[in-house]
Amino acid sequence: MTLKMYGFFRSGTSHRTRIVLNLKNIEYAFEGISLAKNEHKTADFKMKNPQGFVPVLEVDLAHGSETLLQSPAMIEWLEEQYPEPALLPKDALGREKVRALAAMIGCDMHPINNKRILEYLRNSANFDESAIEQWCQHWIEEGFQALEQILSADTERGDYCYANQVSIADAYLIPQVDSAKRFKVDMHQYPNIQKIYTTCMALPAFQKAAPQNQPDAI
Ligand SMILES: N[C@@H](CCC(=O)N[C@@H](CS)C(=O)NCC(=O)O)C(=O)O
């Protein structure tokens, strides 16, 4: 099976998918789609993904090529196709907990600060750059406060988001921390999140997936 990702170095959803690919040691080809140059809005790219979002994963399967959309679905597909190392716990309750942490970031935090939302605020709601930064800080801080509370209440947790092993939740968290730093969120408010970030960033899979280490980094 061959895989090709269309992504952008700074995109959090591309980043979380890269982390999962790397943790599972999956080789993949890459083509940069620059959000800075609006390449995701071209007719060509919208043939691949009518939503105009990165990442897109193209997969060559026995019956032909398939285009996979939506990073949460891609990550679950990767987990099913490449079960080792497992990035979800073996028990149903554990899987619910990991998916819940991932959804807090993937459903309730990341989408509100997406490029198209910020463009709308700039162009149609008269937000200046300081108001944009406040908007992003507000939603990230609200999400991280809840996440920090959950992480600190979990007495069985080690240095990752759940239990003592890396999971899908960590793949969601690390790009969201990078985004928080870009929007100048004071991360000292979240010691558990910071500790997880340090633990994950010591792993080669996370280092290799970091935005600054991508071929399209600017
Ligand atoms: N739910 C989608 C969201 C993908 C997404 O938001 N991608 C961003 C980059 S992180 C994007 O392409 N944004 C383009 C835009 O907002 O115009 C997923 O998880 O794949």
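1. Basis of the values. The model is predicted, so that local features are given at pLDDT of at least 70 and side-chain atom pairs at pLDDT 80 or more, while totals for chains, interfaces and linings use all residues. Residues are numbered from 1 along each chain as its sequence is written, and side-chain values use heavy atoms, with hydrogens and water left out.

2. Domains. The protein chain is divided into domain 1 (2–85) and domain 2 (92–206), with bounds that come from an automatic or database domain assignment. Their C-alpha centres lie 21 Å apart, and 17 residues of domain 1 are in contact with 17 residues of domain 2, where contact means heavy atoms within 4.5 Å.

3. Record annotation. Over residues 1–86 the chain is 34% helix and 24% strand, with the end C-alpha atoms 19 Å apart, whereas over residues 91–218 it is 64% helix and 0% strand, with the end C-alpha atoms 42 Å apart. Helices (H or I, at least four residues) and strands (E, at least two) are DSSP runs, numbered from the N terminus.

4. Ligand shell. The ligand is surrounded by 16 residues, of which Val54, Gln70, Ser71, Asn114 and Arg116 are the closest; a residue counts as near if one of its heavy atoms lies within 4 Å. By class the shell has 5 nonpolar, 8 polar and 3 charged residues, with Ala, Val, Leu, Ile, Met, Phe, Trp, Tyr, Cys and Pro counted as nonpolar, Asp, Glu, Lys and Arg as charged, and the others, Gly among them, as polar. Because domain 1 and domain 2 both give residues to this shell, the ligand lies between them.

5. Helices H1 (12–23), H3 (71–81) and H5 (115–124) are the elements that give two or more residues to the shell, and H1 provides the largest share, 3 residues.

6. Backbone positions to check. The peptide bond from Val54 to Pro55 is cis, with omega near 0 degrees, and Pro55 lies in the loop between helix H2 (43–48) and strand S3 (56–61). The bond from Glu84 to Pro85 is also cis, with omega near -10 degrees, and Pro85 lies in the loop between H3 and helix H4 (92–106). Gln70, found in the loop between strand S4 (64–68) and H3, has phi near 70 degrees, a positive value in a residue other than glycine.
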